[in-house]
Amino acid sequence: MAGTAPTWLRPVPGGLYCAPGDFYVDPTRAVERAVITHGHADHARAGHGKVLATAETLAIMAARYEEEDTPGRQALAYGDAVTVGDVTVRLIPAGHVLGSAQAVLEHNGERIIVSGDYKRRHDPTCARFEVEPCDLFITEATFGLPVFKHPDDGEELGKLLASQATFPERAHLVGAYTLGKAQRIIVRLRELGYDRPIYIHGVLEGINRIYTRFGVDLGELRLVMETEKKEMAGEIVVAPPSTLNERWSRRLPDPVTVFASGWMRVRARARQRAVELPLVISDHADWDELNTTLDDVGAPHVWVTHGAEEALVHAATERGFEAKALALVGYEDDAE
Ligand SMILES: [Zn+2]
Ligand SMILES: [Zn+2]
(Lines give C-alpha, C1' and ligand atoms only; values in the text may rest on other atoms or scores of the structure.)
(Ligands and ions follow the chains in the order given, each with its own letter.)
Protein backbone atom coordinates (compact mmCIF):
# COMPACT_ATOMS: atom_id res chain seq x y z
CA MET A 1 0.00 0.00 0.00
CA ALA A 2 2.87 2.36 0.78
CA GLY A 3 4.55 1.74 -2.59
CA THR A 4 8.30 1.72 -2.79
CA ALA A 5 10.38 4.21 -0.86
CA PRO A 6 12.35 6.84 -2.79
CA THR A 7 15.82 5.50 -3.53
CA TRP A 8 17.70 8.71 -4.27
CA LEU A 9 18.67 9.47 -0.69
CA ARG A 10 20.56 6.79 1.15
CA PRO A 11 22.46 6.22 4.34
CA VAL A 12 26.19 5.88 3.74
CA PRO A 13 29.18 6.11 6.04
CA GLY A 14 29.34 9.83 6.77
CA GLY A 15 25.60 10.51 6.69
CA LEU A 16 22.67 10.72 4.31
CA TYR A 17 23.77 11.07 0.69
CA CYS A 18 21.58 12.46 -2.08
CA ALA A 19 23.00 11.23 -5.40
CA PRO A 20 21.02 13.34 -7.91
CA GLY A 21 22.08 16.49 -6.02
CA ASP A 22 25.52 15.15 -5.05
CA PHE A 23 25.21 16.44 -1.46
CA TYR A 24 24.97 15.11 2.07
CA VAL A 25 22.52 16.16 4.75
CA ASP A 26 24.20 16.75 8.14
CA PRO A 27 27.32 14.78 7.21
CA THR A 28 29.40 13.50 10.08
CA ARG A 29 32.64 14.16 8.21
CA ALA A 30 33.85 16.96 5.94
CA VAL A 31 32.34 16.71 2.43
CA GLU A 32 32.24 18.74 -0.80
CA ARG A 33 28.62 19.80 -0.48
CA ALA A 34 26.42 19.74 2.60
CA VAL A 35 22.90 20.74 3.56
CA ILE A 36 22.87 21.43 7.32
CA THR A 37 19.67 21.29 9.38
CA HIS A 38 20.94 23.13 12.49
CA GLY A 39 23.96 24.32 14.40
CA HIS A 40 24.49 21.56 17.00
CA ALA A 41 28.01 20.26 16.67
CA ASP A 42 27.13 16.71 15.64
CA HIS A 43 24.96 17.98 12.75
CA ALA A 44 27.05 20.97 11.73
CA ARG A 45 30.65 19.88 11.40
CA ALA A 46 33.59 21.93 10.23
CA GLY A 47 35.44 21.79 6.94
CA HIS A 48 32.77 21.32 4.27
CA GLY A 49 33.28 22.77 0.79
CA LYS A 50 29.82 24.16 0.13
CA VAL A 51 27.18 24.58 2.80
CA LEU A 52 23.49 25.30 2.39
CA ALA A 53 21.68 26.28 5.62
CA THR A 54 19.62 29.05 7.19
CA ALA A 55 21.43 32.33 7.87
CA GLU A 56 21.09 31.62 11.60
CA THR A 57 22.74 28.22 11.29
CA LEU A 58 25.53 29.67 9.14
CA ALA A 59 26.16 32.34 11.79
CA ILE A 60 26.32 29.69 14.51
CA MET A 61 28.75 27.61 12.46
CA ALA A 62 30.92 30.63 11.71
CA ALA A 63 31.08 31.49 15.41
CA ARG A 64 31.81 27.94 16.46
CA TYR A 65 34.51 27.23 13.91
CA GLU A 66 35.88 30.75 13.80
CA GLU A 67 35.60 30.72 10.05
CA GLU A 68 35.19 33.86 8.04
CA ASP A 69 32.26 34.03 5.64
CA THR A 70 33.20 32.09 2.55
CA PRO A 71 31.61 32.04 -0.91
CA GLY A 72 30.90 28.35 -0.31
CA ARG A 73 28.21 29.22 2.20
CA GLN A 74 24.73 29.82 0.95
CA ALA A 75 21.95 31.07 3.21
CA LEU A 76 18.47 29.84 2.43
CA ALA A 77 15.48 31.50 4.08
CA TYR A 78 12.63 29.31 5.32
CA GLY A 79 10.37 28.40 2.41
CA ASP A 80 12.68 29.53 -0.41
CA ALA A 81 13.69 26.93 -2.97
CA VAL A 82 17.06 26.34 -4.59
CA THR A 83 18.08 23.79 -7.18
CA VAL A 84 21.07 21.59 -6.44
CA GLY A 85 21.84 19.25 -9.35
CA ASP A 86 18.52 17.53 -10.08
CA VAL A 87 17.06 18.23 -6.68
CA THR A 88 14.99 21.11 -5.35
CA VAL A 89 15.89 21.97 -1.77
CA ARG A 90 13.81 23.98 0.69
CA LEU A 91 14.22 24.51 4.43
CA ILE A 92 11.21 24.71 6.73
CA PRO A 93 11.18 25.33 10.52
CA ALA A 94 11.89 22.43 12.88
CA GLY A 95 11.26 24.23 16.21
CA HIS A 96 14.44 22.81 17.75
CA VAL A 97 16.85 25.79 18.17
CA LEU A 98 17.38 29.15 16.43
CA GLY A 99 17.59 28.57 12.67
CA SER A 100 16.82 24.87 12.87
CA ALA A 101 15.24 23.45 9.74
CA GLN A 102 13.84 20.38 8.13
CA ALA A 103 15.40 19.79 4.73
CA VAL A 104 12.68 19.29 2.12
CA LEU A 105 14.12 17.54 -0.95
CA GLU A 106 12.23 17.04 -4.21
CA HIS A 107 13.25 14.97 -7.18
CA ASN A 108 11.26 13.26 -9.93
CA GLY A 109 7.94 14.07 -8.31
CA GLU A 110 8.94 12.57 -4.98
CA ARG A 111 9.47 14.48 -1.74
CA ILE A 112 11.74 13.50 1.15
CA ILE A 113 11.98 15.42 4.41
CA VAL A 114 15.00 15.12 6.68
CA SER A 115 13.75 16.65 9.90
CA GLY A 116 17.06 16.87 11.74
CA ASP A 117 16.13 17.38 15.39
CA TYR A 118 12.76 18.85 16.24
CA LYS A 119 10.13 19.60 18.86
CA ARG A 120 6.51 20.68 18.69
CA ARG A 121 6.32 22.84 21.84
CA HIS A 122 6.19 26.60 22.22
CA ASP A 123 9.70 28.04 22.13
CA PRO A 124 9.98 31.83 21.84
CA THR A 125 13.55 31.57 20.51
CA CYS A 126 12.80 29.80 17.24
CA ALA A 127 10.18 29.34 14.54
CA ARG A 128 7.59 26.64 15.19
CA PHE A 129 7.80 23.22 13.49
CA GLU A 130 5.90 23.11 10.22
CA VAL A 131 4.07 20.02 9.02
CA GLU A 132 4.51 19.21 5.36
CA PRO A 133 3.40 16.02 3.63
CA CYS A 134 6.03 13.88 1.93
CA ASP A 135 6.77 10.39 0.63
CA LEU A 136 9.57 9.67 3.06
CA PHE A 137 10.01 11.32 6.47
CA ILE A 138 13.26 10.90 8.35
CA THR A 139 12.80 11.44 12.06
CA GLU A 140 15.05 11.57 15.08
CA ALA A 141 14.16 9.43 18.11
CA THR A 142 16.30 10.89 20.90
CA PHE A 143 13.44 10.39 23.37
CA GLY A 144 11.79 7.55 21.48
CA LEU A 145 10.51 5.56 24.44
CA PRO A 146 7.06 5.80 26.07
CA VAL A 147 8.66 6.75 29.40
CA PHE A 148 9.68 10.09 27.93
CA LYS A 149 6.86 12.55 28.39
CA HIS A 150 8.12 16.08 28.75
CA PRO A 151 6.08 18.18 31.16
CA ASP A 152 5.15 21.80 30.48
CA ASP A 153 8.30 23.92 30.64
CA GLY A 154 6.48 26.67 32.51
CA GLU A 155 5.75 24.22 35.33
CA GLU A 156 9.38 23.12 35.42
CA LEU A 157 10.63 26.70 35.54
CA GLY A 158 8.08 27.34 38.29
CA LYS A 159 10.04 24.84 40.41
CA LEU A 160 13.17 26.88 39.82
CA LEU A 161 11.46 30.11 40.88
CA ALA A 162 9.97 28.42 43.95
CA SER A 163 13.38 27.11 44.99
CA GLN A 164 14.87 30.56 44.49
CA ALA A 165 12.25 32.01 46.84
CA THR A 166 13.01 29.28 49.40
CA PHE A 167 16.78 29.80 49.35
CA PRO A 168 17.40 33.54 49.05
CA GLU A 169 21.02 33.13 50.23
CA ARG A 170 21.98 30.62 47.58
CA ALA A 171 22.68 31.04 43.88
CA HIS A 172 20.81 28.73 41.49
CA LEU A 173 23.21 27.30 38.96
CA VAL A 174 21.23 26.09 35.95
CA GLY A 175 23.16 23.73 33.67
CA ALA A 176 21.85 24.17 30.13
CA TYR A 177 23.38 23.41 26.74
CA THR A 178 25.06 26.40 25.18
CA LEU A 179 23.12 26.43 21.93
CA GLY A 180 19.37 26.54 22.31
CA LYS A 181 18.53 25.37 25.80
CA ALA A 182 20.28 28.24 27.59
CA GLN A 183 18.58 30.93 25.51
CA ARG A 184 15.19 29.24 25.66
CA ILE A 185 15.35 29.11 29.45
CA ILE A 186 16.34 32.76 29.69
CA VAL A 187 13.52 33.90 27.38
CA ARG A 188 10.93 31.62 28.99
CA LEU A 189 11.86 33.07 32.39
CA ARG A 190 11.28 36.52 30.90
CA GLU A 191 7.89 35.37 29.60
CA LEU A 192 7.06 34.23 33.13
CA GLY A 193 7.74 37.76 34.35
CA TYR A 194 11.29 37.29 35.65
CA ASP A 195 12.99 40.60 35.00
CA ARG A 196 16.04 40.49 37.27
CA PRO A 197 19.47 40.26 35.65
CA ILE A 198 20.42 36.68 34.79
CA TYR A 199 24.06 35.77 35.34
CA ILE A 200 25.84 33.76 32.68
CA HIS A 201 29.04 31.85 32.05
CA GLY A 202 31.24 33.59 29.48
CA VAL A 203 31.05 30.66 27.09
CA LEU A 204 27.41 31.54 26.36
CA GLU A 205 28.25 35.00 25.10
CA GLY A 206 29.02 34.11 21.48
CA ILE A 207 25.78 32.22 20.86
CA ASN A 208 23.76 34.76 22.88
CA ARG A 209 25.03 37.48 20.59
CA ILE A 210 23.75 35.57 17.55
CA TYR A 211 20.33 35.12 19.13
CA THR A 212 20.20 38.84 19.86
CA ARG A 213 21.31 39.68 16.34
CA PHE A 214 18.42 37.60 14.98
CA GLY A 215 15.90 39.43 17.16
CA VAL A 216 15.66 37.28 20.31
CA ASP A 217 15.54 39.57 23.38
CA LEU A 218 17.35 37.94 26.31
CA GLY A 219 16.86 40.83 28.74
CA GLU A 220 19.64 41.97 31.08
CA LEU A 221 22.51 39.49 31.32
CA ARG A 222 25.62 39.83 33.48
CA LEU A 223 28.83 37.86 33.38
CA VAL A 224 29.62 35.75 36.44
CA MET A 225 33.28 36.52 35.81
CA GLU A 226 32.65 40.23 36.32
CA THR A 227 30.45 39.88 39.40
CA GLU A 228 31.30 39.67 43.10
CA LYS A 229 30.40 36.34 44.63
CA LYS A 230 28.09 37.77 47.30
CA GLU A 231 26.09 39.73 44.72
CA MET A 232 24.87 36.44 43.25
CA ALA A 233 23.15 35.24 46.42
CA GLY A 234 19.56 34.48 45.47
CA GLU A 235 20.22 34.92 41.76
CA ILE A 236 19.84 32.65 38.73
CA VAL A 237 23.00 31.68 36.88
CA VAL A 238 22.95 29.89 33.51
CA ALA A 239 26.04 27.93 32.48
CA PRO A 240 26.99 24.83 30.48
CA PRO A 241 26.12 21.53 32.22
CA SER A 242 29.80 20.67 32.72
CA THR A 243 30.12 23.49 35.27
CA LEU A 244 27.72 21.73 37.68
CA ASN A 245 30.53 19.48 38.85
CA GLU A 246 33.47 21.79 38.26
CA ARG A 247 35.55 24.14 40.38
CA TRP A 248 33.98 26.97 38.41
CA SER A 249 30.83 26.71 40.53
CA ARG A 250 32.83 27.80 43.60
CA ARG A 251 32.56 31.33 42.28
CA LEU A 252 28.91 31.17 43.32
CA PRO A 253 27.48 31.42 46.83
CA ASP A 254 26.42 27.91 47.96
CA PRO A 255 24.84 27.06 44.60
CA VAL A 256 21.76 24.89 44.19
CA THR A 257 22.62 22.70 41.19
CA VAL A 258 19.90 22.59 38.56
CA PHE A 259 20.03 20.70 35.26
CA ALA A 260 17.54 21.38 32.47
CA SER A 261 17.42 18.38 30.15
CA GLY A 262 15.02 15.81 28.78
CA TRP A 263 17.27 13.23 30.43
CA MET A 264 16.25 14.49 33.85
CA ARG A 265 13.24 12.22 33.50
CA VAL A 266 15.73 9.46 34.37
CA ARG A 267 16.48 9.71 38.08
CA ALA A 268 19.78 7.87 37.80
CA ARG A 269 21.09 10.53 35.42
CA ALA A 270 20.23 13.29 37.87
CA ARG A 271 21.87 11.39 40.73
CA GLN A 272 24.96 10.66 38.65
CA ARG A 273 25.58 14.37 38.21
CA ALA A 274 24.58 15.23 41.76
CA VAL A 275 21.77 17.46 40.49
CA GLU A 276 19.69 18.85 43.33
CA LEU A 277 16.89 20.23 41.20
CA PRO A 278 16.34 18.32 37.93
CA LEU A 279 14.15 20.13 35.39
CA VAL A 280 12.71 18.10 32.53
CA ILE A 281 13.06 20.60 29.69
CA SER A 282 13.93 19.30 26.26
CA ASP A 283 14.46 20.69 22.77
CA HIS A 284 13.53 17.32 21.30
CA ALA A 285 10.12 15.78 20.71
CA ASP A 286 8.97 13.41 23.43
CA TRP A 287 7.36 10.03 22.72
CA ASP A 288 3.89 11.43 22.09
CA GLU A 289 5.20 14.26 19.93
CA LEU A 290 7.24 11.85 17.82
CA ASN A 291 4.20 9.70 17.17
CA THR A 292 1.88 12.67 16.60
CA THR A 293 4.37 14.06 14.12
CA LEU A 294 4.41 10.85 12.10
CA ASP A 295 0.61 10.98 12.01
CA ASP A 296 0.52 14.68 11.11
CA VAL A 297 3.11 14.38 8.34
CA GLY A 298 1.51 11.17 7.11
CA ALA A 299 4.46 9.98 5.03
CA PRO A 300 3.99 6.33 4.03
CA HIS A 301 7.72 5.70 4.56
CA VAL A 302 9.50 6.59 7.77
CA TRP A 303 13.16 6.23 8.65
CA VAL A 304 14.15 6.57 12.27
CA THR A 305 17.58 7.76 13.28
CA HIS A 306 19.59 8.66 16.37
CA GLY A 307 18.00 7.60 19.60
CA ALA A 308 15.73 4.77 20.62
CA GLU A 309 15.03 3.71 17.06
CA GLU A 310 13.44 0.29 17.54
CA ALA A 311 10.59 1.39 19.80
CA LEU A 312 9.46 4.11 17.40
CA VAL A 313 9.85 1.81 14.39
CA HIS A 314 7.65 -0.71 16.17
CA ALA A 315 4.99 1.84 17.10
CA ALA A 316 4.98 3.28 13.57
CA THR A 317 4.75 -0.15 11.94
CA GLU A 318 1.76 -1.01 14.13
CA ARG A 319 -0.02 2.03 12.73
CA GLY A 320 0.65 1.07 9.12
CA PHE A 321 3.79 3.05 8.32
CA GLU A 322 6.58 1.39 6.38
CA ALA A 323 9.23 2.14 8.99
CA LYS A 324 12.85 1.23 9.44
CA ALA A 325 15.74 2.10 11.71
CA LEU A 326 18.72 3.91 10.25
CA ALA A 327 21.72 3.15 12.36
CA LEU A 328 23.66 6.27 11.45
CA VAL A 329 26.74 6.70 13.54
CA GLY A 330 28.19 9.99 14.68
CA TYR A 331 25.16 11.73 16.17
CA GLU A 332 25.11 12.23 19.90
CA ASP A 333 21.95 12.23 21.93
CA ASP A 334 23.71 14.10 24.66
CA ALA A 335 23.68 17.61 23.22
CA GLU A 336 20.48 18.07 25.15
ZN1 LIG B 1 20.18 19.18 17.81
ZN1 LIG C 1 20.68 15.46 16.82
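User: How many bridges join strand 1 to strand 2?

Analyst: In this predicted model, strand 1 spans residues 9-12 and strand 2 spans residues 15-18. The two strands run antiparallel. The number of bridges joining the two strands is 4.

User: Which strands are the edge strands of the open sheet?

Analyst: The open sheet is formed by 6 strands with mixed pairing, in the order 1-2-3-4-5-6. Neighbouring strands in this sheet are turned against each other by 25 degrees on average, direction ignored. An edge strand pairs on one side only. The edge strands are strand 1 (9-12) and strand 6 (73-75).

User: What distance separates the centres of domain 1 and domain 2?

Analyst: Domain 1 comprises residues 9-147 together with 284-325, and domain 2 comprises 153-279. Their centres are taken over C-alpha atoms. The separation is 29 Å.

User: How many nonpolar residues has the side of domain 1 that touches domain 2?

Analyst: In the contact between the domains, 16 residues of domain 1 meet 16 residues of domain 2. By class, the domain 1 side includes 5 polar and 3 charged residues. The nonpolar residues on that side number 8.

User: Which residue just after helix 3 takes a positive phi?

Analyst: Helix 3 covers residues 181-191, and its buried residues include K181, R184, I185 and L189. Those buried in this helix pack against several elements, among them helix 2 (153-166), helix 4 (205-213) and strand 16 (256-260). Just after the helix, the phi angle is about 95 degrees at G193.

Note on methods
Residues are numbered from 1 along each chain as its sequence is written. Chains are lettered from A and ligands numbered from 1 in the order in which they are written. This is a predicted model: local features need pLDDT of at least 70, side-chain atom pairs count only at pLDDT 80 or more; totals for chains, interfaces and linings use all residues. A residue is buried if 20 or more other C-beta atoms lie within 10 Å of its own, exposed if 12 or fewer, and partly exposed in between; C-beta atoms are placed from the backbone. Two residues are in contact if their C-beta atoms, placed from the backbone, lie within 7 Å. Domain bounds come from an automatic or database domain assignment. Ala, Val, Leu, Ile, Met, Phe, Trp, Tyr, Cys and Pro count as nonpolar, Asp, Glu, Lys and Arg as charged, and the others, Gly among them, as polar. Two strands pair if DSSP finds at least two bridges between them. Axes are lines fitted to C-alpha atoms, for helices over the stretch in contact, and angles run from 0 to 180 degrees between N-to-C directions.
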